[in-house]
Structures are given as C-alpha cells and as structure tokens.
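Please look over the model shown here and work through the questions that follow.

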Amino acid sequence: THEAEWADAAGAWSALAEANPLFGPLLGQLPDEMVATIRETFATLFDQREGTPLSAVAWMAHGTP
C-alpha cells in the first residue's frame, strides 16, 4: 500500500500525470475544453478532500508455467 499527499491540486495532477504513461496520450485525444473541465473537476474534488491522502494498493505476482 502506498499513500501520497500533495499540497495542492496542481501538484497532484502533475504527479499523477507523470506516474501514468497513458494519462497524457488519453487527454491528448480530447478537446481542450473537455480537458479543462476534467482538470477543474479534479481540483474541486481535491479541495473537498482537504488534504486526505490518496491510497493505492497493488498486488504483484510472478509465476512460471
């Protein structure tokens, strides 16, 4: 489990964009107005969380045939 906390929505947006290689290409396919709406919604939701950290859990496994 990993927890991350950012000071503001812009920092969180940048960190998430850098951590996910699909983020930029997916947003790049959308009209600018839609990306602006997504960013505004993200910022609103971020502000409502009042600094609550984002938690993510990943399970990794390796197997052989």
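Q: How many helices and strands does the protein chain have, and which pattern do they follow along the sequence?
A: This is a predicted model, in which local features need pLDDT of at least 70 and side-chain atom pairs count only at pLDDT 80 or more, while totals for chains, interfaces and linings use all residues. Residues are numbered from 1 along each chain as its sequence is written, and side-chain values use heavy atoms, with hydrogens and water left out. Helices (H or I, at least four residues) and strands (E, at least two) are DSSP runs numbered from the N terminus. The protein chain has three helices and two strands, and read along the sequence they follow the pattern β-α-α-α-β.

Q: What is the radius of gyration of the protein chain?
A: The radius of gyration is taken over C-alpha atoms, and the globule rule is 2.2 Å times the number of residues to the power 0.38. For 65 residues that rule gives 11 Å, and the protein chain lies well over this, so it is more spread out than a compact globule, with a radius of gyration of 15 Å.

Q: Is Thr1 buried or exposed?
A: Thr1 is placed in the segment before β1 (2-4). Buried means under 20% relative accessible area, exposed over 50%, and partly exposed in between (1.4 Å probe, protein chains only). With a relative accessible area of 78%, Thr1 is exposed.

Q: Which residues does Thr1 touch, not counting those up to four places away in sequence?
A: Thr1 and Val57 are 56 residues apart in sequence, yet 4.4 Å apart in space, C-alpha to C-alpha. With contact meaning heavy atoms within 4.5 Å, the residues that Thr1 touches are Ala56 and Val57.
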